[in-house]
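Please report on the fold and the side-chain contacts of the chain shown here.

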Amino acid sequence: YTFFLCSRYKFGVLFVLLFVLLLLLLSHNAPRLLLETDSMAAAAAATATTTTTAGDNDDDDGPPGNTNLRDSSGAPNWNAILKWSVEEGLRQEAELKAKGVAEGGRPKPRTISEEDREWFLKAIESGVVDEVKRIKEITEKISDDPRGDLLATEEEEDERVFVLEELRDRLESVDNAKDLGAIGGLTPLLEGIQSEKWEEIRAMSAECVAVSVQNHPEAQKNAMSCDALRVLLLALQSEKHLNKKSNAKVIYALSCLVRGNQEVMGMFVKSDGIESLAKSGLASSVIKTRVKAATLLRHASVSSEEAMKRTIDAKVIDIIAEKLGANVNSQNASSSSLTDLAQEREAYIRLLLDVAQRVDFMKNEDAVNQFRSERFVQTVQNCQTFVDASKKNRDKMIDEEEFIVAVDRLRNMLK
């Protein structure tokens with residue numbers, strides 16, 4: 001029968017079911033509700049007794065007595081409960097109005113004293129950090145010993161790195177990055193990059209510089225006025241840090257400084273930046289450093305004819321061919337290094353393809369020799385063998401569609 005009603009009178013049945021559910025909930029909560037209303041009624045009756053006679057209480061407009069909330073059988077008297085609820089609400093509303101509360105339950109505006117106003121403003125200011133002020137405090141704090149020469153323990157280094165991490169996070173804001181140069185905050189960071197004692201300070205200082213100048217022409221200009229390009233190139237060329245992880249951050253800072261700024265990129269090229277990347281960046285034993293070096297080389301090499309000529313003269317094609325061949329021939333690579341190896345392959349192959357497509361072979365005859373060298377041809381063949389083997393075992397191969405396409409294009413170019 002219920003199914004018939006549901007199919008014939010869907011909305012009506014839904015309403016009935018909701019009403020029944022409401023009755024069940026009320027029945028479940030009835031004892032508690034009755035206890036609460038009974039106690040309130042008893043309190044009201046006791047109060048009324050002090051001002052009225054027992055006979056007057058029967059005609060009182062206050063909350064009903066306990067007998068009014070139950071019928072003769074002791075069951076809840078829903079009509080009485082509803083009536084009491086409405087009357088109680090009206091009574092409370094009248095009391096609020098009498099106390100000066102405006103219509104709709106909203107209190108009238110209160111006049112704030114000058115003392116309260118000052119307290120409120122101080123409370124607000126205490127919870128808001130002045131970004132420029134905080135950045136200046138940090139840079140002044142590290143200015144006394146930017147390279148960490150006076151630090152004696154690793155705990156002290158960790159404290160310095162923690163402060164630099166805070167600075168890096170605040171420099172994510174474009175406005176804060178612009179203000180860094182105005183308050184002289186770049187100088188201690190560039191000094192920190194030259195630290196010979198603490199790798200983490202060197203790396204984090206470079207990262208702060210990178211974040212502050214990335215895609216920010218005004219910040220790049222400020223950094224150049226602080227001789228940032230020279231400092232970063234010298235840091236990259238340091239033999240002591242050749243195989244250190246911090247060199248990856250140094251190249252990251254260089255990349256953020258020159259990319260998107262043709263003038264600075266030209267100065268980078270003229271300052272032997274391409275040769276430094278080929279000699280120091282690609283020679284590193286740290287895979288992340290080699291990846292960042294190859295990526296920056298790819299952008300720098302095609303930035304001008306002079307940059308392309310320097311790329312060819314620095315034997316970058318031969319160096320990359322050797323590195324790529326070693327990569328695809330790597331055996332027993334751990335699972336944790338598979339992603340890094342894939343990123344390295346992609347960085348190398350994209351560099352080779354971009355140079356091959358953009359180089360003027362008539363003006364750079366050595367480019368023909370490098371691309372036709374036995375090493376390069378063998379590397380491309382090894383890459384194709386790697387791709388063919390990987391296709392048979394897709395479960396173990398990281399998706400490298402761009403690498404596969406680039407290998408195919410280089411093979412066609414050789415043909």
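Contact here means heavy atoms within 4.5 Å, and buried means under 20% relative accessible area, with exposed over 50% and partly exposed in between (1.4 Å probe, protein chains only). Helix 12 spans residues 228–237 and is mostly covered, with 7 of its 10 residues buried. The buried positions are Ala228, Leu229, Val231, Leu232, Leu233, Ala235 and Leu236.

The model is predicted: local features need pLDDT of at least 70, side-chain atom pairs count only at pLDDT 80 or more, and totals for chains, interfaces and linings use all residues. Residues are numbered from 1 along each chain as its sequence is written, and side-chain values use heavy atoms, with hydrogens and water left out.

## The chain as a whole

The chain has 22 helices and 0 strands; helices (H or I, at least four residues) and strands (E, at least two) are DSSP runs numbered from the N terminus. Of its 415 residues, 37% count as buried. Among contacts between residues at least 6 apart in sequence, 72% join residues at least 24 apart. The accessible surface of the chain comes to about 25000 Å², and carbon and sulfur atoms hold 53% of it. These areas come from the Shrake-Rupley method with a 1.4 Å probe, and for residues only the protein chains shown count as cover.

## Isoleucine 320

Helix 18 (residues 316–328) contains isoleucine 320, which is buried with a relative accessible area of 0%. Leaving aside residues up to four places away in sequence, isoleucine 320 touches Leu282, Tyr348, Leu351 and Leu352. The C-alpha atoms of isoleucine 320 and arginine 345 are separated by 9.9 Å, and the two residues are 25 residues apart along the chain.

## Salt bridges

A salt bridge is a side-chain nitrogen of Lys or Arg within 4 Å of a carboxyl oxygen of Asp or Glu. By this rule the count comes to 25 salt bridges. Three of them are tabulated.

| Pair | N to O distance |
|---|---|
| Arginine 290 and glutamate 344 | 2.8 Å |
| Aspartate 366 and lysine 315 | 2.9 Å |
| Arginine 350 and glutamate 402 | 3.0 Å |

The side chains of arginine 290 and glutamate 344 meet at 2.8 Å, N to O. This pair links distant parts of the chain, 54 residues apart: arginine 290 is in helix 16 (residues 287–301) and glutamate 344 in helix 19 (residues 338–358). Arginine 290 is buried at 13% relative accessible area, and glutamate 344 is buried at 4%.

Aspartate 366 and lysine 315 form a salt bridge of 2.9 Å, N to O. Aspartate 366 is in helix 20 (residues 365–371), while lysine 315 is in the loop between helix 17 (305–313) and helix 18, 51 residues apart. Aspartate 366 is partly exposed at 23%, as is lysine 315 at 36%.

In the salt bridge of arginine 350 and glutamate 402, the distance is 3.0 Å, N to O. Arginine 350 lies in helix 19 and glutamate 402 in helix 22 (residues 401–414), so the pair ties together parts 52 residues apart in sequence. Arginine 350 counts as partly exposed at 28% relative accessibility, and glutamate 402 is partly exposed at 40%. Elsewhere, salt bridges that share partners join Glu131, Arg134, Glu137, Glu166 and Arg170 into one network.
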